[in-house]
Amino acid sequence: MKPNARKLTALAAGLAALLCLSLAPRRAAAQAAGPSGEAQTVAAFEARAKDYSRLREDLEEKLPKLSKEAKPEQIAAHKETFQGMVRQARAGAKQGDVFTPEIAAVIRAVIKSEYAGQELRELRETVMEAETQGVPLRVNYPYPESGELVEMPPTLLLKLPQLPKQLRYRFVGTNLLLVDRENGLIVDYMTSALP
Amino acid sequence: MTMAAALLLGGLAHDALGQTYATGAKVGAGAAPRILLPVREGSVRFLVIGDTGTGTQQQKQLADVMIKSRAAFPYEFVLMLGDNMYGGEKPADFKVKFEDVYRPLLDQKVTFYASLGNHDESNQRFYDHFNMKGEEYYRLEKGDVSFYSLNSNYMDKKQVQWLEDELSRDDSKWKVAFFHHPPYSSGGKHGSSSGLRKVVEPIFLKHGVNVVLAGHEHFYERIKPQKGIYYFISGAGGKLRKGDVKENSPLTEVAYDKDMSFMLVEIAGDEMHFQVLSRTGETVDSGVIARQGSDAAVSPNKN
């Protein structure tokens with residue numbers, strides 16, 4: 001390995017260690033309260049996800065119902081109007097509102113404990129395979145229409161907290177997003193979800 | 001036609017037993033491709049395409065062969081294996097990448113049933129021509145065949161439970177699953193979706209799914225039967241990744257990655273006949289599959 005590459009590797013390792021140290025206390029705090037502490041963190045996250053779901057359902061009810069045999073113009077109009085309404089209603093939304101540091105730590109730990117070795121490599125390959133470099137990580141902004149979706153590993157979906165049907169987990173690089181499947185808005189995101 | 005003549009004209013194909021026989025030559029402009037399917041009365045006939053949504057000249061050329069093949073093989077519907085739209089989903093995209101390309105088939109009342117790929121927004125499920133009726137996953141029945149369109153982008157607990165429930169009460173003779181990501185693949189770019197396979201394969205085996213159709217890889221591949229299930233990849237309906245099939249893959253029965261292609265399928269009784277045509281109208285694979293557990297005898301050169 002060349003000297004510059006060695007320095008970069010050491011720097012990356014140091015940064016990773018610092019990140020782990022900063023995250024550890026949050027998960028430790030949840031764990032310290034016992035299994036019920038972590039369960040409460042998950043329950044609180046699911047409640048926040050349901051709050052978003054109720055908000056967007058209430059707003060969507062104000063729109064003309066989209067036919068299940070719609071024309072593209074109707075689909076596009078519905079999405080655009082719906083998107084605008086939700087963005088306005090969540091004008092102050094910021095990163096961490098739904099993915100609080102506590103639940104982010106729990107999710108990172110779930111992924112780390114469930115995936116190791118070959119399985120982790122396969123998970124990373126699946127996630128990193130998609131071309132998502134241009135996707136901006138901005139809460140309350142639309143996921144680009146032309147952006148590729150990452151196949152969410154089914155085994156991971158079975159282990160993560162359950163979401164209302166309108167919300168989706170989505171990887172962009174190693175970051176995990178919450179995306180509204182109809183209006184396409186990024187509801188929240190957490191960084192460094194993958195070890 | 002002698003084997004030598006076949007080699008001179010266009011090449012060879014293999015049936016499910018690995019028997020080799022002559023294929024049709026390249027089809028000239030305006031000519032309909034030679035159909036090798038039996039076209040039996042009462043059979044379920046359909047076409048399979050994947051990864052179509054480009055709006056390119058090549059997609060249109062393949063569509064031309066699809067349209068021409070309907071004269072001799074009147075398929076009733078088309079299964080779409082995802083990536084139905086690339087690079088945007090404005091109304092103009094639906095026109096250019098789908099409606100204009102397949103207009104003759106739409107005019108002939110051929111029904112398209114879509115599944116979602118990793119380039120598809122969930123809202124495609126509302127598009128009238130994709131006949132998803134607002135659902136990301138659904139089941140449809142044609143004759144004695146049940147088709148399961150799945151959303152392999154997001155195989156969550158709800159979908160898994162739905163699949164279990166539906167299959168458990170399904171007494172159809174044939175069960176065919178179609179979705180985007182291939183559980184088995186010899187592709188270099190993507191390869192097998194092993195995470196998906198871990199979840200769906202046990203369900204398929206438990207409930208006797210016969211055939212799985214997938215896209216995502218931009219080529220055609222007939223996979224050797226895996227635990228008794230037949231897998232096909234047909235992902236070259238609008239894009240092509242030449243040379244992407246790994247040589248000497250233990251999975252491959254037949255593969256074709258030199259040009260774009262689509263499948264014609266006829267299910268008649270206990271037999272599933274298939275023929276794969278390229279953009280130039282060449283037959284690049286063909287054969288017949290006996291329904292697992294049936295008494296159907298598979299004989300070579302049935303087509």
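A residue is taken as buried if 20 or more other C-beta atoms, placed from the backbone, lie within 10 Å of its own, and strands are DSSP runs (E, at least two residues) numbered from the N terminus, as are helices (H or I, at least four residues). The model is predicted, so that local features need pLDDT of at least 70 and side-chain atom pairs count only at pLDDT 80 or more, whereas totals for chains, interfaces and linings use all residues. Residues are numbered from 1 along each chain as its sequence is written, with chains lettered from A and ligands numbered from 1 in the order in which they are written.

In chain B, all eight of the eight residues of strand β14 (residues 271–278) are buried, so this strand is largely enclosed by the rest of the structure. Glu271(B), His273(B), Gln275(B) and Leu277(B) point one way from β14(B), while Met272(B), Phe274(B), Val276(B) and Ser278(B) point the other way.

Strands are said to pair if DSSP finds at least two bridges between them. Strand β13 (residues 261–268) of chain B runs antiparallel to β14(B) and is joined to it by eight bridges, with Met263(B) opposite Val276(B). These two strands form a hairpin with two residues between them, in whose turn Gly269(B) has a positive phi of about 60°. Strand β15 (residues 283–290) of chain B also pairs with β14(B) in the antiparallel sense, over seven bridges, and Ile289(B) is the bridge partner of Met272(B). In the hairpin of β14(B) and β15(B), four residues lie between the strands, and Gly281(B) takes a positive phi near 85°.

Terms used. A residue is buried if 20 or more other C-beta atoms lie within 10 Å of its own, exposed if 12 or fewer, and partly exposed in between; C-beta atoms are placed from the backbone.
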